[in-house]
Amino acid sequence: MADFLQLVDDTTPKPMRTVDDLCQRIRLYFPQADLTLIRKAYEFSEKAHSGQIRRSGEPYISHPLSVAGILADLRLDLDTIATGLLHDTVEDTQTTLEDIRREFGEVIAHLVDGVTKISQMKFRNRQEKQGENIRKMIVAMGRDVRVVLVKLADRLHNMRTLNHMPYEKQANIALETLEIYTPLAGRIGINSLKIELEDLCFRYYRPDMYYVLSQKLKKSEAEQSRYIADVKDLIISTAQKNGLKVEVQGRSKHLWSIYRKMQARNLDYEQVYDVLAFRGVVGTVGEGYEVLGHIHALWKPIPGRFKDFIAMAKTNNYQSLHTTVIGPGGERIEIQIRTQEMHLIAERGIAAHWRYKERGKIQDDTAQQAHWLRELVQWHQTVRNSEEFMDAVRTDLFEAEIYVFTPGGDVREFPDGATPIDFAYAVHTDLGSKCVSAESMARWCR
Ligand code: MN
């Protein structure tokens, strides 16, 4: 088992070696940053972890340094990156939270405390226990969404280095990640992180299938890249003929999403047709709809597959036009169209909105993007029973969404399976209690 995994182990990004690497990466998006804090946090953490060795044989500091690097790749603020460097000091060394507070102040102490609390939770399979744990996790992160970002970066680096863990533990850690962390990454809209986590989980959770699929994908690679180039050219030239400019990227979907499709529809790899996905980035929203129109004139769209997430953004602020068409050679291809700004939000989620004040401090209203987290935190206080809460969280994290218009034209979002009664309660408690009947389901759409 271990042997063949080596063959496909070519996805791990280059590790960060030194604090200078980290500083360089921060300077890419924040040239004027005063990096005294980052160097101080690094030195503090290196000292605290000195003598500790990771399973890979590297000094322990390589882990917090890599976590900080992931956070820098998400272009986060300096407090968050410093927290990345310090995140294991309270849990794994003699350092106390008081030490952190004294050296780095209240905000970083608060962030480190939140991450430590989540790290100390044991996720068990027993439903009730798990419900209680997730509840605690949500409380820990609810006050500041940056806690979750650090925890996700921590988990991503642990997944990237999971090959050093004993084989028996790998599948469990992968499953836990798949159940708890990847939905969370999706929910706060950090797609790049979600996709990498999912494929890493797949690799360790179902190594047999991962191997088979990645080999098949590799085999068809040459053929695919020709096809991708053709489609790309056709989209660009069609747009050009109509005086429009579009940047197009084409790729094979990630392995986990292909695998899930195979499972859901009981298909073999050869039977999964829409493996290729294209993304067009345009200048304005209007141009996006225009390009979409020209694409639909060029290739027949598949009914029911067009989704307008520009007019109706997802709760995590994701916006895009989605369609599936019958492309050249009768192949089903998925196409997403969005503006540059929407693209940024799709890849980096809430982090894309953060504007930095002087010295790399983010503005006070940044956590406002995490509507979902805040609502959940407020709401958990009204739900006593942890099993009930767990069910609700599961629903919220995993189920598909339904969009409904209010009479005033606002859009409300519900988990799959919601009914008009839920809608009534969402508008107003009184309305829910007085609701007698629902007239038509016609406007309920997925
Ligand atoms: Mn860690």
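Is strand β5 (residues 332–339) mostly covered or mostly exposed, and how many of its 8 residues are buried? Strand β5 is mostly covered, with 7 residues out of 8 buried; buried here means under 20% relative accessible area, exposed means over 50%, and partly exposed lies in between (1.4 Å probe, protein chains only). The model is predicted, so local features need pLDDT of at least 70 and side-chain atom pairs count only at pLDDT 80 or more, while totals for chains, interfaces and linings use all residues. Residues are numbered from 1 along each chain as its sequence is written, and side-chain values use heavy atoms, with hydrogens and water left out.

The neighbours of β5 come next. Helices (H or I, at least four residues) and strands (E, at least two) are DSSP runs, numbered from the N terminus, and two strands pair if DSSP finds at least two bridges between them. Strand β2 (residues 276–282) runs parallel to β5, joined by 6 bridges, and here A277 stands opposite E334. Strand β4 (residues 321–326) pairs with β5 in the antiparallel sense, also over 6 bridges. In this pairing T323 stands opposite I335, and H322 stands opposite Q336. The hairpin of β4 and β5 has 5 residues between the strands, and G329 takes a positive phi near 70 degrees in it.

These strands belong to an open sheet of 5 strands with mixed pairing, in the order β1-β2-β5-β4-β3. At the edges stand β1 (246–252) and β3 (307–308), each with a single partner strand, so one side of each has no neighbour in the sheet.

Attention now turns to the interior. A nonpolar core is a set of buried Ala, Val, Leu, Ile, Met, Phe, Trp, Tyr and Cys residues joined through side-chain atoms within 4.5 Å. The largest such core has 71 residues, and L22, I26, I38 and I81 have the most contacts inside it. Helix α7 (residues 97–120) gives the most to this core, namely 9 residues. A second, separate core of 22 residues includes I228, V248, F278 and V291. Contact means heavy atoms within 4.5 Å; leaving aside residues up to four places away in sequence, I38 touches V19, L22, C23, I26, L78, I81, A82 and L85.

Helix α2 (residues 19–29) has V19, L22, C23, I26 and Y29 buried. These residues lie on the same side of α2, because they cover an arc of only 120 degrees around the axis, where the arc is that of the directions from the helix axis to the C-beta atoms. The buried residues of α2 pack against α3 (36–48), α4 (62–73) and α5 (78–86), while the face turned away from the buried side carries the exposed residues Q24 and L28.

Finally, there is a metal site. Donors are N, O and S atoms within 2.8 Å of the metal (3.2 Å for Na, K and Ca); water is not among the atoms, so sites may look incomplete. The manganese ion is coordinated by H63 (NE2), H87 (NE2), D88 (OD) and D154 (OD), at 2.2 to 2.3 Å. H63 lies in helix α4 and H87 in the loop between α5 and α6 (89–92), so the pair ties together parts that are 24 residues apart in sequence. H63 is buried, with a relative accessible area of 1%, and H87 is buried at 0%.
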